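Me: Could you walk me through this one before I open the viewer?

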Amino acid sequence: MNRWVLRQIKPLLRSFEPAACRTSSSSSSSSSATSTVSPAESVEETRARIFGTHIGDGLRSGRKILRRALVGERLTSYYPPQWFGGDPLLVDVEAERKKAKLQRLSRRGKAPPKKGSGKRSGKK
């Protein structure tokens with residue numbers, strides 16, 4: 001985080017810091033026995049709470065990917081719905097795709113010739 005932002009939020013962060021961090025340590029030994037949070041640590045925690053960031057240990061965590069917007073709905077709406085006649089468990093998807101492609105090509109006159117009616121059949 002840049003210095004300007006830290007300079008702007010330091011007064012706000014001081015109001016969130018525990019009282020033990022703001023006051024100087026007293027002479028009694030009981031106050032040193034209580035857990036005190038260092039000012040730098042409380043600034044980090046408060047900054048994370050305000051801006052919704054994660055205090056990491058420097059290792060890769062995958063949070064960057066989890067913050068991204070989900071794209072599943074957009075992907076499924078882009079492609080047309082697929083409909084297969086009959087029971088979808090009994091339909092061979094690959095064979096149906098090949099048959100549909102062959103029909104498309106034959107309508108345009110680009111389908112392969114029927115078996116036995118190729119180029120060499122007329123040469124005999």
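Reply: What follows covers a pocket, a salt bridge and a helix. This is a predicted model, where local features need pLDDT of at least 70, side-chain atom pairs count only at pLDDT 80 or more, and totals for chains, interfaces and linings use all residues. Residues are numbered from 1 along each chain as its sequence is written, and side-chain values use heavy atoms, with hydrogens and water left out.

Me: How much space lies in the largest pocket?
Reply: About 210 Å³, where a pocket is an open set of points on a 1 Å grid over the protein atoms alone, fitting a 1.4 Å probe, with protein on both sides within 12 Å along at least five of seven lines.

Me: And which residues line it?
Reply: Among them are G52, H54, D57, R63 and R67, a lining residue having an atom within 4 Å of a point.

Me: Switching topic, how many salt bridges are there?
Reply: Two, counting a side-chain nitrogen of Lys or Arg within 4 Å of a carboxyl oxygen of Asp or Glu. One of them joins R47 and E44 at 2.6 Å, N to O.

Me: Where do R47 and E44 lie?
Reply: Both are in helix α4, residues 39-51, three residues apart; helices are DSSP runs of H or I with at least four residues, numbered from the N terminus.

Me: What comes just after α7?
Reply: G109, with a positive phi of about 80 degrees.

Conventions:
Helices (H or I, at least four residues) and strands (E, at least two) are DSSP runs, numbered from the N terminus. Grid points are joined across faces, edges and corners, and a volume is the space filled by probe spheres set on the points.
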